[in-house]
Amino acid sequence: MMQAPLLTVRNLSITLHREGKHLPVLNDVSFDVAPGEVLGVVGESGAGKSVAGAALIDLLVPPLRRSSGEISLGRDRLDLMSPRQMRNVRGKRVGFIFQDPMTSLNPVLSIGKQLTDTMQAHLKIGRAEIKRRALAWVERVGLPNPERILKAAPHELSGGQRQRIVIALALCAEPEIVIADEPTTALDVSVQAQMLDLMRTLHKETGTAMVLITHDLGVVAKMADRVAVFYAGRVVELAATSDLFATPRHPYTAGLMGATPAPDAEGRMQVVPIPGAMPGIGALPSGCAFHPRCTRAQPDCREIVPPLAALEAGLAACLHPLPREVRS
Amino acid sequence: MMPGEVVSVRDLSKTYGGKASTIEKLLGRKPRGLKAVRGVSFSIDRGEVLGFVGESGCGKSTLARLIAGLMAPSEGEIVFNGKKPRLQMVFQDPFSSLNGRWRVRDIIAEPIRTHKLRKPSEIPGRVAELLEQVGLSAADGMKFPQGFSGGQRQRISIARALAGEPDFLILDEPTSALDVSVQAQILNLLRDLQSRLGLTSLFITHNLSVVRLMADRIGVMYLGELVELAPAHDIFTDPKHPYTRLLIDAAPDLDPIDRTLHPIPGELPDPSRPPSGCSFRTRCPYAQPLCAEQAPPLRKGNGREIRCHFDLQPQSLSVPE
Amino acid sequence: AEFRFAGPLDAYTLDPHAVSNTLVFAVLRNVYEPLVQRGPDLSLQPVLATEWTQLDDLTWEFKLREGVKYSNGNDFNADDVVFSFERAKKGGMSSHLADVASIEKVDDLTIRLISDEPNPVLPNQIVNWFMVDQEWADENGAQEPGQADNSTEGFANRNAMGTGPYVISSRDPGVRTDFAANADWWGEITGNVDSATFFVIANPSTRVSALISGEVQMIDGVPPQDAQRIEETNGIEIVATPDLRTVYLQPDMLRDELIHGGGVEGNPFKDPKVREAMSLVIDTQAIQQRIMRGYSTPVGLPIAKEIEGSTEELNTPVTPDLERAQQLMEEAGYADGFQVTLDCTNDRFMNDEATCLAVGSFLAQINIAVTPRTQATARWAQQINPPGYDTSFAMLSYSPYTYDAHQFLTGLAVTRDADGGRGAFNIGGYSNPELDRLTTEIGAETDQEARSALLAEALTILKNDHSFIPIHQLQILWGLQEGVEVVQLADLAYPLAWFTVPE
Amino acid sequence: MIIHAIERILQTLVVLLVISFIAFMLITTLGDPIGLLLPPDATMAERNALIARLNLDQPVMQRFLSFVGGILQGDFGLSYRTQQDVGSMILERLPATAELALVSLLVTIVVAVPAGILCGVKPKALVSRAIMFFSIAGITLPNFVVGILLIAIFSVQLGWFPSFGRGSTVNLGGWTTGLLTASGWQAIILPAITLATFQMTFVIRMLRTQLMEVGQSEHIRFARARGLSETRIWFVYAIRNALLPTVTMLGLQLGNIIAFSVVTESVFAWPGLGSLFLQSVQAADIPVIAIYLIFVGAVYMVINLLVELSYPLIDPRLKRRNA
Amino acid sequence: MTTKAILHNARSAPGPTFAAFAILALFLYAFLVPLFTADPFRLAGMSIMDSFTPPMWMVGGNPNFPLGADDQGRNLLTAMAYGLRTSIIVGVSAVLIGLILGGSLGLVAGFVGGRTDAIIMRVADVQLAYPALLLAMVIDGIATAMIGRERSAGLAIAIVIFAIGIAFWVQFARTIRSSVMVERDQDYVAAAQITGRSKLAIVLRHILPNVMAPVLVIATINLGIAIITEATLSFLGIGIPLTHPSLGALIRNGNAFLQSGEWWISAWPCLVLVALVIAVNVLGDHLRDHFNPKLRGRS
Ligand SMILES: Nc1ncnc2c1ncn2[C@@H]1O[C@H](COP(=O)(O)OP(=O)(O)OP(=O)(O)O)[C@@H](O)[C@H]1O
Ligand SMILES: Nc1ncnc2c1ncn2[C@@H]1O[C@H](COP(=O)(O)OP(=O)(O)OP(=O)(O)O)[C@@H](O)[C@H]1O
Ligand SMILES: [Mg+2]
Ligand SMILES: [Mg+2]
């Protein structure tokens with residue numbers, strides 16, 4: 001990346017406090033996002049993707065706590081901010097899209113109320129202007145009859161319509177970056193494609209940077225400029241999307257791709273499972289966390305925690321990365 | 001009913017709700033029911049895996065529950081070959097499908113005990129055997145389901161299903177709640193069991209790749225109707241119904257170079273007020289005036305069934321809206 | 001001056017003829033008036049009658065007071081008395097007039113009461129017979145006393161119109177009653193109360209609080225245990241006077257078995273020795289000191305000391321003697337005792353429940369295992385009252401409004417009549433032909449001296465038979481703000497006309 | 001919506017009929033009114049006459065029907081104890097109890113709502129824990145003890161409030177109100193607080209649990225992620241969601257409030273329905289007990305129906321589609 | 001629970017742990033003391049001359065009556081153990097009645113649904129209008145009228161238990177019903193149905209164990225309410241007679257002496273009652289938060 005990064009995360013660690021113990025949930029995670037860039041974050045469930053996302057704007061609730069790490073947005077250190085300062089970052093500078101459109105909206109307040117409240121909190125503009133913008137946003141996310149929608153309660157909208165509103169809510173104060181935590185996982189394929197299409201359009205229009213958290217490699221392939229692969233609380237690979245799909249270097253990345261059902265050259269469907277399961281919190285194996293499931297594991301994998309190291313293109317945390325040409 | 005068939009379903013419909021209260025009856029009001037499944041017919045041959053795909057809410061689970069006998073159909077019938085076969089089902093949610101108060105070994109033994117498939121003394125051995133068959137250890141039988149991950153729970157579910165020695169297995173989205181890597185494990189396990197035990201099954205999912213991997217024939221459902229039914233290969237290489245085509249295209253593939261998205265336009269209509277005529281016409285790029293007026297008949301031929309007035313031509317495949 | 005006072009219960013009704021209830025009379029005597037009434041010294045005093053004479057064995061003549069007006073301005077005359085007689089006869093207090101067979105108007109200011117049998121104490125019996133204005137009753141459809149079996153409420157139930165010193169200016173039944181002085185009253189208000197409010201405060205501790213905080217100037221029904229504290233509080237004092245109500249026990253002596261008891265064949269209470277033993281172990285002094293805190297008078301008869309017929313000698317409480325009692329029990333063959341349920345009230349008078357328990361603990365000394373059963377008065381009465389008499393042992397109380405022991409004897413001591421006349425409230429079914437004979441004789445005896453002798457003879461029999469086990473005579477306990485002067489009457493009345501309050 | 005309301009009202013009527021039947025059976029089983037009505041020295045003839053006059057010789061069903069008929073015509077019978085018309089007795093006592101319940105509700109809302117919100121928002125704070133502890137004490141101390149203590153402190157010691165009664169009242173077309181006079185307000189404070197202690201506990205706990213639950217919901221996280229202020233989040237976004245269960249609970253608690261008013265009224269000599277009921281129970285005044293029970297049932301049903309009809313105002317999800 | 005777990009609990013939740021120990025201590029007091037002492041309520045052992053003995057550290061105190069004696073001369077220390085025992089028996093039995101009655105009705109309503117459910121729930125609505133206090137007064141009256149006068153102490157206790165228990169059923173029924181309605185749609189129930197288990201077996205073996213947690217919470221909290229209700233009934237003069245007293249009856253009895261200076265007669269039972277109910281509630285609250293699935297992850 002040539003440009004100065006917009007968001008920088010350095011050595012972010014998060015712990016879980018349970019029965020007097022501090023268990024690592026996220027370990028030394030570092031990444032940046034350039035202005036206007038889409039960073040995909042993938043990994044299995046429980047890898048720490050959502051926790052990382054929430055930590056960026058201090059949305060962690062006990063028993064989770066950030067134990068170390070620097071988070072900078074532009075020149076500002078988010079990790080040093082007071083709750084009050086943080087409130088002015090949330091929504092205003094960093095937008096957030098939650099996974100489940102069914103539960104993300106307050107069920108007892110009208111769409112319009114939720115939209116105008118959000119704008120009012122951040123934009124110093126008059127009532128009428130806010131109303132106008134609210135209408136514009138509803139239209140912009142592709143909903144018909146915006147007047148009616150603003151008056152509607154969330155339950156009167158379908159899942160797809162609600163997710164559009166959630167997107168509008170995240171973007172309405174014109175943030176510099178949006179964190180989208182599995183924005184399409186709860187949606188059907190047909191709606192998912194619509195939603196991705198919408199996000200891509202808005203992204204192009206506003207130039208907002210985006211962190212797109214998902215566990216669907218297909219989504220990443222279509223949306224992301226770069227991809228960070230999470231495994232057991234660490235970033236195990238970070239590369240440009242095309243590089244990553246063409247030549248995954250970390251065995252876990254390759255495993256994920258193999259496990260996704262896809263037709264082979266003859267059109268026959270294939271899946272190659274990764275054996276075993278991701279370790280739970282507090283049950284991390286020594287050395288490389290992936291070594292018990294890794295077909296390439298060597299004795300040293302059991303002892304050394306591989307650092308995220310630069311390879312020819314991108315970064316990987318593996319002592320024995322796959323060679324460049326491994327992917328057929 | 002043909003000789004090789006295990007189950008045959010005829011004109012199956014299910015309407016939810018629709019009971020009027022006394023006062024509504026007095027006022028002569030008819031509440032609108034929700035027709036979740038509408039006139040679905042198909043049959044499954046012995047040893048065959050029939051797949052069903054469709055969007056959320058299109059009636060897949062309702063269909064599965066009807067066949068499983070968990071509720072009575074509003075119309076139509078389900079005919080089994082010979083006496084009622086032993087049936088088992090694997091559910092989508094690995095967390096709600098196992099009773100958290102029971103030990104795994106009791107969960108698995110329940111079908112054996114209920115149908116008296118083994119002598120009581122043989123049950124522990126059988127349970128251990130089943131646990132190993134699904135890739136768990138016999139010692140796991142002593143634990144409670146809470147101690148297992150989603151994938152492991154799904155294995156337990158499968159073991160329970162197998163314990164009932166089913167003639168017919170219904171799998172309702174058995175991997176939708178799982179991660180890709182775990183999904184791959186379960187799919188492989190199922191495929192393995194399939195080939196070893198020759199199970200007849202109904203495999204329901206919303207993931208086209210998964211159904212393509214698992215099923216011999218595939219039915220596509222839209223708004224409670226079966227819109228297309230064909231051998232798996234044909235569905236993907238030569239989809240005849242516009243919905244099938246659009247559905248296949250809508251799923252993003254793993255190609256980071258061609259980044260085009262193919263969303264299906266519009267939204268799923270309210271299932272309690274399906275559109276007139278063809279139910280897909282509101283989203284169909286090829287819809288004609290006829291589609292609004294007449295419900296398309298189910299056309300059969302070449303081992304395929306399709307509910308559309310027209311034949312989709314290959315050249316029109318890429319026609320954008 | 002204005003006077004505010006509180007008591008535990010409200011008069012059920014303002015209708016003077018509807019029920020026979022002390023509380024109703026206590027409130028109504030400020031509004032309605034009888035022909036004759038008791039004064040502070042308990043002697044009979046003229047009220048609406050100025051003089052009365054017994055013309056013959058069966059006839060009493062009453063001269064009516066002249067110039068008396070009802071508070072609505074109507075004149076009081078003999079017609080009203082005749083009307084009130086007929087009206088009262090239809091009501092719940094008709095028993096007060098049971099001995100009067102008919103009434104006769106001689107002239108506008110003279111009437112005669114005629115009885116079937118000779119009755120030397122008839123005037124004593126009619127002190128609660130209040131006079132109602134005939135025109136007023138006619139105008140308001142109140143010709144008959146209200147009774148629960150009528151489907152509509154009687155007018156006189158909530159409205160009162162009498163000749164008395166006060167009128168009821170407003171009333172909220174069960175809550176408060178306001179009195180205002182009747183400017184046209186024929187008599188003279190000796191106190192200075194020209195308006196008064198009576199509040200009903202059922203909870204004793206709230207009542208005491210209301211007095212201490214000065215919200216009311218007087219409370220009725222001070223719990224004896226609180227009396228000392230009240231006395232010690234500045235500006236507040238206690239006044240007490242004997243209540244003629246006497247508390248006693250009566251076992252069932254009629255049935256052949258104990259219906260609420262056991263551990264024994266037959267009915268041990270039939271044996272006078274057992275009854276004597278019981279009276280010998282109940283330490284009435286201890287009850288007086290511990291439970292009543294001194295505010296009661298132990299008695300030796302089931303009637304109060306002030307009652308006509310009571311003598312110092314007869315009415316001295318028994319001295320407890322455990323040894324003798326045990327010996328008697330042994331002689332009777334009940335050394336090992338037996339079990340019996342004692343039926344008591346728990347809301348009728350002060351510390352009735354505690355007294356009941358204490359009795360039980362005393363009787364335990366001679367192996368009579370008592371199970372106290374305490375209930376609200378309504379239930380208790382429904383159980384033990386005629387016609388059921390459903391008890392084997394009961395704690396009772398009585399206060400003859402004639403202030404004459406003969407009333408006690410006819411109602412409670414003579415053998416029960418089959419048709420529920422005499423002896424109806426002889427709950428224990430006691431029967432002694434000699435006493436029956438004496439009681440009849442007393443009723444007809446007009447010579448006072450001979451009558452007293454007969455009364456003494458009858459009460460001696462009663463005492464020797466131990467068919468009633470007396471405990472104590474209650475006291476009326478009022479708490480007062482300093483400076484309030486009251487007159488306490490033995491019949492619980494609140495004679496407001498005689499009260500003085502600081503201006 | 002309207003259909004739903006009509007349906008509920010019809011069901012309520014059926015239920016009320018059942019209650020009145022039970023209440024009527026009470027009258028007939030609670031023993032023999034004759035024994036209470038007649039003087040003990042009544043003759044057999046008088047007895048039989050009364051039995052005939054009260055229709056006690058007729059079959060139970062017929063008597064029930066005429067009982068219901070009487071109620072429909074506003075004839076509730078007479079009290080055994082006071083010989084007053086039961087209907088008017090109840091109506092006369094109603095305002096006192098209604099105002100007591102209302103003011104205690106007010107006290108509850110003023111005290112418990114902020115306390116409950118505090119406890120829900122900061123469940124771990126020391127104040128919240130203290131509030132929770134005292135709120136437990138609220139249902140632990142029996143109502144009558146609370147009342148007696150309040151009287152001892154505020155009436156006897158400090159002399160701030162009267163220890164009994166309603167103060168002076170104003171009659172507004174049959175409804176006597178104490179809320180228009182200073183002494184009326186003074187008098188209602190202590191009983192209202194006593195009655196409120198019980199409900200307060202429930203409201204505080206309900207709000208706390210609800211807010212704690214809502215506080216963890218996705219939409220609150222989302223609101224926070226959008227940078228809304230905490231005040232706005234709790235007082236606008238969260239409270240609306242916690243309100244419905246709280247209001248419902250208050251409605252359902254009404255029965256308890258009515259019941260506890262019996263105790264409170266008896267302690268404070270409050271001239272309401274509760275004292276009337278207690279007096280009637282002690283005197284076995286069955287007509288009053290029966291009508292009281294029917295009345296309480298009816299009030300309960302009506303208020304809960306109103307509460308239910310108000311749901312859509314609080315939560316739009318509960319609007320019926322076919323309104 | 002292991003010792004370690006208990007220790008951990010004690011540290012993370014000192015209030016509930018303390019409450020649990022307090023409950024244990026009170027139970028021991030209530031059930032052990034009567035085993036070793038003479039019944040202070042047996043009239044035979046009572047002497048009115050001991051009445052109003054103040055606590056032993058006060059002037060006029062007597063070491064035989066460490067906490068003093070009441071108006072009948074009963075030793076308050078032992079009397080309270082008996083009273084507490086009665087209160088606990090009343091509370092526990094009432095809750096059990098409510099639980100069994102409400103539990104089974106709730107199970108039926110939730111599982112069968114439809115008209116059965118509607119009827120049960122309407123009856124529940126009616127029931128709620130008549131809480132324990134009203135009910136107990138009425139039932140007490142009816143029982144006296146119907147069963148007759150032979151109202152031994154035992155029967156009075158039974159009536160109070162019954163009345164309070166009856167009033168509790170609704171809460172149990174509602175809770176169980178809503179849990180059952182959730183559980184009934186869980187896939188493990190469907191699995192059992194497909195397997196061919198009978199309805200009864202499904203309800204009893206599968207659903208019941210899964211709906212018990214919230215019920216236990218309600219049970220603890222209602223235990224406190226039951227004990228208070230009984231005390232209040234005693235105050236109103238309905239309920240348990242002084243010959244077999246509960247804490248409530250002792251408090252009511254002592255109330256008469258609050259103004260006269262003999263504070264100890266009501267103060268001790270009040271204290272014990274408050275301690276018991278607070279302890280039970282603290283524990284119940286803790287369990288409620290603990291079992292609330294919506295609050296998972298908080299504690
Ligand atoms: N509030 C919490 N309390 C305890 N553990 C938590 C909490 N939130 C997250 N965790 C744990 O932290 C780990 C990381 O969780 P996270 O939600 O970030 O995973 P994820 O990668 O987003 O998974 P998913 O794809 O399921 O959303 C998981 O093991 C999770 O169980
Ligand atoms: N018990 C029910 N009562 C009323 N409507 C129901 C019920 N169950 C399902 N439906 C409705 O019936 C339709 C079909 O539901 P069904 O669960 O069969 O869909 P599905 O295809 O399995 O969806 P998913 O992929 O979300 O599982 C939906 O519109 C749903 O809302
Ligand atoms: Mg996540
Ligand atoms: Mg489904």
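1. A polar contact is a pair of N or O atoms within 3.5 Å, where one atom must be able to donate a hydrogen and the other to accept it. Keep that rule in mind for the boundary between chain D and chain E. There, two residue pairs are in polar contact, both at pLDDT 80 or more. The model is a predicted one.

2. How many residues of chain D are in contact with chain E? The count is 47, and they meet 42 residues of chain E.

3. Now the area. The size of an interface is often given as the accessible area lost when the parts come together. For chain D and chain E, the buried area is about 3900 Å². Carbon and sulfur atoms give 72% of that area. On the chain D side, the residues that lose the most area to chain E are D:Thr140, D:Phe144 and D:Gln216. Together they make up 15% of what that side buries.

4. Which helices of chain D supply the touching side? At least two residues each come from helix H1 (2-29), helix H6 (126-140), helix H7 (143-157), helix H8 (182-215), helix H10 (230-268), helix H11 (273-282) and helix H12 (286-314). H10(D) gives the most, with nine residues. Sorted by class, the side of chain D that touches chain E has 31 nonpolar residues, 11 polar ones and five charged ones.

5. Turn to chain A and its backbone. The peptide bond from A:Pro62 to A:Pro63 is cis. Its omega is near 10 degrees. Where is A:Pro63? Look in the loop between helix H1 (49-56) and strand S4 (64-73) of chain A.

6. Chain A has another backbone point to check. A:Asn11 has phi near 50 degrees, a positive value in a residue other than glycine. This asparagine, A:Asn11, sits in strand S1 (residues 7-18) of chain A. Is A:Asn11 buried, partly exposed or exposed? A:Asn11 is partly exposed, because its relative accessible area is 38%, and that class lies between the 20% and 50% cut-offs.

7. Chain C also holds an asparagine with positive phi. For C:Asn367, phi is near 65 degrees, and the residue is not glycine. C:Asn367 is placed in the loop between helix H10 (352-363) and strand S16 (368-375) of chain C. C:Asn367 has a relative accessible area of 42%, so it counts as partly exposed.

Technical notes. Residues numbered from 1 in each chain as written. Chains lettered and ligands numbered in written order. Predicted model: local features only at pLDDT ≥ 70, side-chain atom pairs only at ≥ 80, totals over all residues. Heavy atoms only, no water. Contact = heavy atoms within 4.5 Å. Buried area = accessible area lost by both parts, 1.4 Å probe. Polar contact = N/O pair within 3.5 Å; in protein donor to acceptor, adjacent residues only side chain to side chain. Helix = DSSP H or I, 4+ residues; strand = E, 2+ residues; numbered from the N terminus. Nonpolar A, V, L, I, M, F, W, Y, C, P; charged D, E, K, R; others polar. Buried < 20%, exposed > 50% of the residue type's maximum accessible area, 1.4 Å probe, protein only.
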